[in-house]
Amino acid sequence: MDPNPKTHPILSYVMARLPSLGPKPPDHSFDIEQPPQPPSQQQPPPLPQLTDPALLSSMRRAVGDVAQTRSILQTLGPRPDHETVDAAKLKVSEIESNLSKELEDLVLSQRSNEIDRLEWRAHLAEKEKKIREEAEKERGFYKMVLQLDEMHEEYEKLLKEAEERLVKIYEKAERGGGEEEEVVVEEEEVSEEVVGVLREGSGKGMERVDLSNRRLRILPEAFGRVVGLKVLDLSNNQLEVIPDSIAGLEILEELILASNLLEALPDSIGLLQNLKILDVSSNKIEILPDTICHCRSLLELDVSFNRLTYLPTNIGYEMLNLQRLSIQLNKICSLPTSICEMRSLCHLDAHFNELRGLPLAIGKLANLEILNLSSNFSDLKELPETFGDLMNLKELDLSNNQISALPDTFGRLDNLTKLNLDQNPLVIPPAEVVKEGVEAVKTFMAKRWLDILVEEERKSMLEVQEQAQTGWLTRSTSWLKTYASGVSETVSGILSPRGPRDPYLDQQL
């Protein structure tokens with residue numbers, strides 16, 4: 001729970017000397033949550049200047065948020081282990097899956113003719129409410145586990161940021177700068193240009209702000225109060241955090257955060273209901289918040305060149321207006337099934353990932369025109385048969401993968417004009433066909449598809465004929481059995497000694 005002295009030496013030393021919230025004892029050098037230690041056991045300063053009382057006072061004020069967070073986490077308990085977190089995620093997923101199934105069954109349930117339509121709707125609404133309440137109650141515990149894990153993860157980031165702040169304060173003091181300059185680090189680092197923007201924006205307002213290439217390290221919370229802002233460009237800076245107050249930009253339509261040092265986006269990003277373009281490319285983001293799905297007005301989303309391993313599960317169910325999705329240069333292993341619901345999607349770039357395949361319903365992306373799946377290397381080995389349903393596809397890049405055969409439906413891509421199949425162990429179509437270009441590949445695959453259909457039709461006809469012949473033989477055999485049975489009965493009747501004797505035959509004998 002406490003900072004590790006090896007990874008956070010200055011922070012650990014300062015946190016061990018935070019003043020108590022209660023009445024001050026004579027000795028000021030003990031931790032607020034720990035009993036005092038004998039002088040011989042106290043942690044020695046990792047750097048010589050840390051013995052300066054004024055410097056320590058400045059540092060204490062700079063890490064107040066860390067101390068508060070630590071106190072809260074000590075009350076909530078230790079961080080759950082990885083297996084517990086994974087089990088909780090799986091359980092939440094199962095509960096949500098069952099909830100979807102129950103709601104689907106509820107919608108499909110038939111109304112009796114004896115029940116009034118309005119009464120039936122009221123019944124369904126009450127039933128749905130009860131189902132959702134039960135599901136929420138069931139997943140409540142598991143959500144608490146996940147939230148506790150997230151809080152501990154944020155605490156780790158907070159420790160890292162605090163250590164960096166303290167290093168800056170120490171370096172300033174070492175150079176001879178007054179500690180007052182670093183008491184509020186944020187104020188020292190906010191440029192005059194940003195202050196000017198805030199003053200102007202809070203007054204008459206402004207529609208567009210371009211602060212790109214300014215080496216900004218901090219975006220003040222006050223930015224969320226800029227009136228009338230529609231376009232905000234903060235690209236090519238050194239921002240590590242975007243404040244939650246960004247949600248205050250209610251009519252913001254374009255947000256450019258490319259080429260910064262962001263490791264995460266705030267959950268409040270989902271409150272930007274009018275956002276149409278979001279570019280967070282070239283950062284260090286590992287996970288996109290689920291709330292990003294609530295940005296339902298998005299037309300373009302660029303999260304390329306980050307550290308993502310997956311996309312939010314419901315991204316496709318809610319971003320129905322998205323036209324361009326750029327997720328290249330990440331570590332994504334699979335696309336969520338919901339992505340197949342993005343009926344407005346025209347451009348999908350997923351090259352340089354670790355994709356192992358595509359969702360089976362990928363063919364539902366009827367408006368997709370450009371698809372780049374190149375350089376997924378040894379992971380991408382095949383495409384689903386529904387790939388041929390992408391009837392509007394014009395450009396396709398499948399280079400640098402391990403695809404040995406294109407799907408049989410590939411020949412249906414009539415609008416395809418640009419195709420790259422380089423560096424694949426292709427057998428179908430053969431290399432000589434690939435060399436002739438996209439039209440030759442389409443013709444080959446179309447003929448192959450036609451041959452497959454003809455062969456299936458031939459087999460179907462043979463099965464019908466066999467069934468007809470089997471039926472004729474069955475009827476013939478049945479008739480013969482009936483006839484033979486009748487003859488047998490006739491002969492038996494003649495030869496049977498128990499039948500009536502013929503006088504003429506007796507005379508002859």
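This note sets out numbered points on the predicted model shown above.

1. Basis of the note. The model is predicted, and local features are reported where pLDDT is at least 70, side-chain atom pairs at pLDDT 80 or more, while totals for chains, interfaces and linings use all residues. Residues are numbered from 1 along each chain as its sequence is written, and side-chain values use heavy atoms, with hydrogens and water left out.

2. Overall composition. The chain contains 11 helices and 10 strands; these are DSSP runs numbered from the N terminus, helices being H or I with at least four residues and strands E with at least two. Of its 509 residues, 37% count as buried, a class defined as under 20% relative accessible area, with exposed meaning over 50% and partly exposed lying in between (1.4 Å probe, protein chains only).

3. Surface and contacts. Contacts are heavy atoms within 4.5 Å. Among those between residues at least 6 apart in sequence, 44% join residues at least 24 apart.

4. The 10 strands form an open sheet with parallel pairing, in the order 1-2-3-4-5-6-7-8-9-10. Strand 1 (208-210) and strand 10 (418-420) stand at the edges with a single partner strand each, so one side of each has no neighbour in the sheet. From one strand to the next, the twist averages 5°; axes are lines fitted to C-alpha atoms, for helices over the stretch in contact, and angles run from 0 to 180 degrees between N-to-C directions. Two strands are taken as paired if DSSP finds at least two bridges between them.

5. Strands 7 and 8. Strand 7 and strand 8 (residues 370-372) run parallel and are joined by 3 bridges. Leu 348 stands opposite Leu 371 of strand 8. His 347 lies in strand 7 (residues 347-349) and is buried, at a relative accessible area of 15%. Leaving aside residues up to four places away in sequence, His 347 touches Gln 323, Arg 324, Leu 325, Leu 368 and Ile 370.

6. Salt bridges in general. A search of the whole structure finds 12 salt bridges, each a side-chain nitrogen of Lys or Arg within 4 Å of a carboxyl oxygen of Asp or Glu. Glu 341, Arg 343 and Lys 364 are linked in a network of such bridges. The side chains of Glu 136 and Lys 143 also meet in a salt bridge, at 3.4 Å from N to O. Glu 136 is partly exposed at 33% relative accessibility, and Lys 143 is partly exposed at 31%.

7. Lys 447 and Asp 451 form a salt bridge with their closest N and O atoms 3.2 Å apart. These two residues are 4 residues apart in helix 10 (residues 438-495), and are therefore separated by about one helical turn. Lys 447 is exposed, at a relative accessible area of 52%, whereas Asp 451 is partly exposed at 39%. The side chains of Glu 455 and Arg 458 meet at 2.7 Å, N to O, in a salt bridge. Glu 455 and Arg 458 are 3 residues apart in helix 10, so about one helical turn separates them. Both are partly exposed, with relative accessible areas of 31% for Glu 455 and 43% for Arg 458.
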